[in-house]
Amino acid sequence: MRAKISYVITAAVLVFYFALVGSRGVMLIEAGTPLTVVLGVAVLILPVIGVWFLWKNTQFVRRANRLAAELDAEGGLPVDELRRTPSGRIDRDSADEVFARRKAEAEAAPDDWRSWFRLAVAYQDARDTPRARKAMQRAIALHDHQRVGTA
């Protein structure tokens, strides 16, 4: 729940920032000189990119959360079996062991979104965020494809 609240607050701050920057871009365009118009358009591009990125990221998080809820309802969420250091951080060797099992599971069932979901969690536990995101995207795509195929 804390993560959701943090995400919503961060998104709200970003939207406020995008609106503020966008208004400055409009003010520059309204000044009417060639230089301020060019600068205003350039300034308006940043909030557009930011809003697009925020939208895509929010869609990704919502889809991943839907998969997590579905997997939880099936009783298939990965169990936290990782050893931790006294400070609470995940032990690297433990994360590597779990990762090896999850990778083998995904390789054995490459069309199963559940195995890719669990692999994404293992990547995240191993602190490999880019690969965790790619594995989760694959899980989402497989899940969506599977739903379309059965509908």
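Q: In which helix is the place of glutamate 105?
A: In this predicted model, glutamate 105 has its place in helix H3.

Q: Is glutamate 105 buried, partly exposed or exposed?
A: The label follows from the relative accessible area: under 20% is buried, over 50% is exposed, and partly exposed lies in between. Glutamate 105 has a relative accessible area of 23%, so this residue counts as partly exposed.

Q: How do the axes of H3 and H4 cross?
A: For a pair of helices, one reads the distance between the axes and the angle at which they cross. The axes of H3 and H4 come within 9 Å, and their crossing angle is roughly 155°. Angles over 145 degrees count as roughly antiparallel, and H3 is therefore roughly antiparallel to H4. The crossing of this pair, H3 and H4, is left-handed.

Q: At what angle do helix H1 and helix H2 pack?
A: The reading is made in the manner just described. Helix H1 covers residues 2-31 and helix H2 covers residues 34-74; they pack at about 160°, and their axes are 7 Å apart. H1 and H2 are therefore roughly antiparallel to each other. In passing H2, H1 makes a left-handed crossing. The contact of H1 with H2 comprises 18 nonpolar, 8 polar and 1 charged residues.

Q: How are H2 and H4 arranged, roughly parallel or roughly perpendicular?
A: An angle of 65 to 115 degrees counts as roughly perpendicular. H2 and H4 pack at about 110°, with 11 Å between their axes, and they are therefore roughly perpendicular to each other. The crossing of H2 and H4 is left-handed.

Q: What volume does the largest pocket have, and which residues lie nearest its centre?
A: The largest pocket has a volume of about 620 Å³. Its lining consists of 21 residues, and those nearest the centre are Phe60, Val61, Ala64, Asn65 and Met136. Two or more lining residues come from each of H1, H2, helix H4 (113-125) and helix H5 (129-150).

Q: Which element gives the most to the lining of the largest pocket, and how do the lining residues divide by class?
A: H2 gives the most to this lining, with 8 residues. By class, the lining of the largest pocket has 13 nonpolar, 5 polar and 3 charged residues.

Q: How much space lies in the second largest pocket, and which residues are closest to its centre?
A: The second largest pocket holds about 150 Å³ of space. It is lined by 13 residues, of which Pro78, Val79, Asp80, Val121 and Asp125 are the closest to the centre. Helix H3 (92-108) and H4 are the elements that give two or more residues to this lining. H4 gives the most, with 4 residues. The lining of the second largest pocket divides into 7 nonpolar, no polar and 6 charged residues.

Q: Where is alanine 19 placed, and what is its relative accessible area?
A: Alanine 19 is in helix H1. With a relative accessible area of 48%, alanine 19 is partly exposed. Alanine 19 and histidine 143 are 124 residues apart along the chain, and their C-alpha atoms are separated by 35 Å.

Q: What phi does arginine 127 have, and where is arginine 127 found?
A: Arginine 127 has a positive phi of about 65°, although it is not a glycine. Arginine 127 is found in the loop between H4 and H5. Its relative accessibility is 46%, so arginine 127 counts as partly exposed.

Technical notes
Residues numbered from 1 in each chain as written. Predicted model: local features only at pLDDT ≥ 70, side-chain atom pairs only at ≥ 80, totals over all residues. Heavy atoms only, no water. Axes fitted to C-alpha atoms, helices over the stretch in contact; angles between N-to-C directions. Parallel < 35°, antiparallel > 145°, perpendicular 65-115°, else oblique. Left-handed = near helix turned anticlockwise from the far one by under 90°. Nonpolar A, V, L, I, M, F, W, Y, C, P; charged D, E, K, R; others polar. 1 Å grid on protein atoms, 1.4 Å probe; cavity = no way out; pocket = protein on both sides within 12 Å on 5 of 7 lines; lining within 4 Å. Points joined across faces, edges and corners; volume = space filled by probe spheres on them. Buried < 20%, exposed > 50% of the residue type's maximum accessible area, 1.4 Å probe, protein only.
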